[in-house]
Amino acid sequence: MEGGRKMSGSATPKELSPKRRRMMDMILAIGGMKEEQAIPLNKVNEAIGDLKKELSPLVDGIVSFPDSYFTKFLSTAKNAEIVAEIKDNGVLKDAISNLEKAIEISPTDALQNLLKSLTDTLTASEAAGKEKDVFTEKLQEVISKIETEPETALYLLQQNLAITTRYGQPPCHVECPAGVRTQRFVNLTRDRRFDEALQLMRDTYPFAGTLGRVCNAPCESRCQRGLIDQPVSIRNLHRFLADNERSSGKIKQPTPSINKDEKVAVIGAGPAGIGCAYDLARMGYPVTIFESKPKNGGLLRYGIPSYRLPRDILDEEISYVQQHGVEILNDQRITKPSELLTKGFSAVFVGTGASSSLKLRIEGEDAKGVFHALEFLDDINLGKSTELGKRVAVIGGGNAAIDSARVSLRTGASEVSIVYRRSKSEMPANEMEIEDAEHEGIDFKILSSPVKILETGGKVTGLRCIKMELGEPDASGRRRPVPVPDSEFDIEADSIVVAIGQGIEADDYFSDLEYTEWGLIQTDKQSLQTNVQGVFAGGDAVSGPATVVKAVGAGKKAAISIDRYIRGESVSQEISTPRIISATIDVDRAQATEERRAAMPMLEAEGRATTFDEVELGFDAKISATEASRCINCSISNMDITVYGGRIDPEAT
Ligand SMILES: Cc1cc2nc3c(=O)[nH]c(=O)nc-3n(C[C@H](O)[C@H](O)[C@H](O)COP(=O)(O)OP(=O)(O)OC[C@H]3O[C@@H](n4cnc5c(N)ncnc54)[C@H](O)[C@@H]3O)c2cc1C
Ligand code: SF4
């Protein structure tokens, strides 16, 4: 850090804002200019304050990107405490808190150490002949400019801070409710580093094979590649990675790392409960899940049919969670979560879902031949026989409606229609499922609403509907369907499946928890804590019917709060979530050539609707690597480098 002591750069000191001026003074001070410039101590302290503020996202960045280049500097840091912590406990968080403490005691020393260790790291990696990645180069640039061009160095440093914090993360990552580091796993897949890509996903959740099949893929809806031609097929890459490990026969066995005394109870073995238990067990907590059903998975097992999610995949992924030391007790219905706090558990997570079918409340609903979607699918999934007859009308537009219709075909019906009151584009079901249903010959009666179930002698004979048209947008932003006068028409049917939504039956309410006016468990939005201290809740039970990945995300969020609660920390502090800055979508589209996404190989449409065999067959390694190479690494534009067409090292993403 000795050497050049003149400021240069495009801006003169007079042009700087007071804050930037102080920041620059600080950098100059670290660079060894303090004495010559005689910066007053109070100014240095102010500057340290500012820099510390800037440093806290950097520290956050270390937590978010533990295997990025910041770990490299930590591992060579001269601070003995930091190194000892990393080596002895492997607890990066503690190391970081030590760094923070060191900054507290002597900020200048700590920062000088930090910069020095950065320089040492770079020198060491150069000496070892390691190839530089873009980040190393950028960092080197920052260091070299601190003394000679502090203004530029400051700018570059801020850019580095931006990339290492949650700012500037790619939209696919930001959109994922569970926080999968999509861009990086896609890059690893592109480079055929399949095991590492799968491990990266498992660092987030245990459901690569499950979500790789049923996720509604919010990441794809914001994928910037979609602005050029079509989004990267991110969901199918998840599935490939899980299937690839499975077919290799080398499934990794995790080693449980339970090392804490405080026990946590989880109620419900659905995606929310399992997601929460997985994270808590990896934090070291002994976790017991209480599940009322004989088998685990919640709606993954009792709702989603096996032609979309084969049960061996689900079983293996749940057993992977159990291998982390999570205990699951089946046939255990809990009625009062707070009681578990008196039975040796330090905290409780409630992930009991919202899986009672809503009723239509129209004439004829009690007739023989009327089924409600969840009970109907539950029976089929349990292998019970259901007499549907040949003609089935399914009412609704969500996943449960599409699944009920496709399951009806697979259990012997030959004429299946879906009655939905809005247009097809407004159906909440996954787009792909709607397309598949169409290919299988299901008839969509859109803009139609049921008014009466027709019956003879107590047995269904049909459904009377009325035509609808779309009026003004309602609270959900979708155009409200309004009946067209005198437009009633009848559909002949032997059975009706009502699939208009799900909720929680009042009989299933927990007597000690408070509920919202919508009949969902009331929680604090930030911490997910209920009205009972130490009892947290998430998933469909709190949000209402949503998606698997949202439920997993809620379970993960609750795990953070539960850990804070048990450690006696405030649970109301913010849980950092990824955010995008505008630069993240600054993609050079002009250079892009069109390259459509890979098509999913499917079972032949003819004949598939009569079996429960899996319909989508999955990508192979070649298709997956090619598909992954369509990713344009859109967030790296923060680094002022041309990204399109360039290959970004996955370590950097
Ligand atoms: C037919 C259908 C298809 C779907 N398809 C998709 C899809 O393709 N993609 C997608 O993302 N989402 C889909 N969903 C939605 C998704 O399944 C749910 O959003 C998700 O499963 C919610 O997870 P959860 O853990 O909150 O609740 P659940 O999955 O409902 O799990 C709750 C668990 O708690 C248990 N439980 C309840 N009460 C108690 C109690 N008192 N004591 C002990 N245990 C209890 C239940 O038995 C259950 O195992 C679908 C839903 C349905 C109905
Ligand atoms: S192009 Fe790549 S980085 Fe950008 S949103 Fe899509 S998958 Fe993510």
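Visitor: Leaving aside its neighbours within four places in sequence, which residues is S449 in contact with?

Guide: Happy to show you. Please keep in mind that this is a predicted model. Beyond its sequence neighbours within four places, S449 is in contact with R421, R464, C465, I466 and M468. You can find S449 in strand 10, which covers residues 448–456. Its relative accessibility is 15%, and because buried means under 20%, S449 counts as buried.

S356 is found in strand 5, made up of residues 356–357. With a relative accessibility of 13%, S356 counts as buried. If we do not count residues up to four places away in sequence, S356 touches L374, G501, Q502, G503, E505 and D508.

Now let us turn to the rings. The structure holds seven aromatic pairs. One of them joins F371 and F376, with 5.9 Å from centre to centre and 50 degrees between the planes, a tilted arrangement. F376 has a relative accessibility of 2%, so this residue counts as buried. Another pair brings together F536 and Y565: their ring centres are 5.8 Å apart and their planes stand at 70 degrees, so this pair is edge-to-face. That pair links distant parts of the chain, since F536 belongs to strand 16 (residues 535–537) and Y565 to helix 22 (residues 548–566), 29 residues apart. The two partners can also be described by their accessibility. F536 is at 0% and counts as buried, whereas Y565, with a relative accessible area of 26%, is partly exposed.

The charged end of K293 sits over the ring of Y302, 4.4 Å from the ring's centre. Likewise, K424 lies over the face of F444, at 4.9 Å from the ring centre.

Finally, a word on confidence as you explore. The mean pLDDT of the protein chain is 76, and 68% of its residues reach 70 or more. Two stretches deserve a careful eye. Over residues 26–52, pLDDT stays under 50, and the model has 45 contacts there beyond four places in sequence. Over residues 636–653, pLDDT also stays under 50, with 60 contacts beyond four places in sequence in the model.

To return to where you began: S449 lies in strand 10 and counts as buried, with R421 and M468 among its contacts.

Key. Residues are numbered from 1 along each chain as its sequence is written. Chains are lettered from A and ligands numbered from 1 in the order in which they are written. This is a predicted model: local features need pLDDT of at least 70, side-chain atom pairs count only at pLDDT 80 or more; totals for chains, interfaces and linings use all residues. Side-chain values use heavy atoms; hydrogens and water are left out. Helices (H or I, at least four residues) and strands (E, at least two) are DSSP runs, numbered from the N terminus. Buried means under 20% relative accessible area, exposed over 50%, partly exposed in between (1.4 Å probe, protein chains only). Contact means heavy atoms within 4.5 Å. pLDDT is the predictor's confidence in each residue, from 0 to 100. Rings of Phe, Tyr and Trp (its six-membered ring) pair if their centres lie within 6.5 Å; planes under 30 degrees apart count as stacked, over 60 as edge-to-face and the rest as tilted. A charge sits over a ring if NZ of Lys or CZ of Arg is within 6 Å of the ring centre and within 35 degrees of the ring normal.
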